[in-house]
Amino acid sequence: MKIDIVTLFPDVALAPLSDSIIQRARDAELVEITAHQLRDWSEDKHRRVDDSPCGGGQGMLLKPEPIFAAVEALRKAETRVIFMTPQGRPFKQSVARELSTCQHLLILCGHYEGVDQRVIESLVDDEISIGDYILTNGALAAAVLCDAVIRLLPGALGDERSPVDESFSDPTRLEAPAYTRPIEFRGMKVPEVLVSGHHGKIQEWKEEQSLARTRKNRPDLLE
C-alpha cells in the first residue's frame, strides 16, 4: 500500500507513524508513507494557501488551486482521495477494513475553517471524521486513520489473529476485560475461571463480560 498525506504540517502527520508497529510495517515495505507540504503547490509568492470565505464569516479557508495541483500531481488510476473533516462519515473499524484493501490512499488534511467546497465536489472520494470534536489540524486525524488502516495489512501485526480478536472486530460489542500475571496483586485476583483451563467456560465468561462492558460504556452499540 502507498499513502500520500497532503498537509500544512507534514511532521505532525508522520510523528505517530514513525515508531512501533507502524514503523516496522514501513521497514518491511508493507506500506510506503509520504507527507507532502501543501505550500509546495502554491503559486503565491508568499506561499499562501488560504483566503477569507466568500460572503463573509469567521476564519480562513484553504484555497482550491494548491489542492487541485497536489491531487493532480499525486493521483493515479487506483487512488482513493480522502478528506479528513468533522463533516465526514464516522471512522469506524469497518471503514478501516474497507480502506486497508486500497492500493493507494491520498489523504487531504483540512485546516482553519476547512476547504473550498469545489475541492470536495471535484476531487474527494470520501469525507471521513474521526469523531465529533474539533482538532487544530487534519494531520492528527490523518495519522489516526493511517494507524488503524496499516495495522490491518497482512503481516503488520505478526500474529494474524490479532486484528480479529480486538474491540470492534464485532461492531456491536466491546472486548472483554483482560488480565495477566501475577494472579494476585495488592489483594486483587484474576477471575478464577481464567486460570481454570476450561476453555468453554472461559469463552462464556468473556462473552458475558463483553456484553456487560458494552452495556456500561457503549450502550449505543446495542441499539
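Modeller: Buried means under 20% relative accessible area, exposed means over 50%, and partly exposed lies in between, with a 1.4 Å probe and protein chains only as cover. Helices (H or I, at least four residues) and strands (E, at least two) are DSSP runs numbered from the N terminus. The model is predicted, so local features need pLDDT of at least 70 and side-chain atom pairs count only at pLDDT 80 or more, while totals for chains, interfaces and linings use all residues. Residues are numbered from 1 along each chain as its sequence is written, and side-chain values use heavy atoms, leaving out hydrogens and water.

Colleague: How many residues of S1 are buried?

Modeller: In a regular strand, side chains alternate between the two faces of the sheet. From S1, Lys-2, Asp-4 and Val-6 point one way, Ile-3, Ile-5 and Thr-7 point the other way, and all are buried. The number of buried residues in S1 is therefore six of six.

Colleague: Which residue of S6 stands opposite Ile-3?

Modeller: Two strands pair if DSSP finds at least two bridges between them. S1 and S6 run parallel, joined by five bridges, and S1 also pairs with S2 in the parallel sense over six bridges. Towards S2, Asp-4 stands opposite Thr-34. Towards S6, the residue opposite Ile-3 is Leu-105.

Colleague: Which strands stand at the edges of the sheet?

Modeller: The five strands form an open sheet in the order S2-S1-S6-S5-S7, with parallel pairing. Each edge strand has a single partner, so one side of it is left without a neighbour in the sheet. The edge strands are S2 (32–37) and S7 (126–129).

Colleague: What angle does the direction of helix H6 make with that of S6?

Modeller: Axes are lines fitted to C-alpha atoms, for helices over the stretch in contact, and angles run from 0 to 180 degrees between N-to-C directions. Contact means heavy atoms within 4.5 Å. Helix H6 (residues 138–150) packs on the sheet and touches S1, S2, S5, S6 and S7. The angle between H6 and S6 is about 155 degrees.

Colleague: What is the relative accessibility of Leu-99?

Modeller: Leu-99 lies in helix H4 (residues 93–99). Arg-80 and Leu-105 stand opposite each other, where S5 (residues 79–90) and S6 (residues 104–109) pair over six bridges. Leu-99 counts as buried, because its relative accessibility is 0%.
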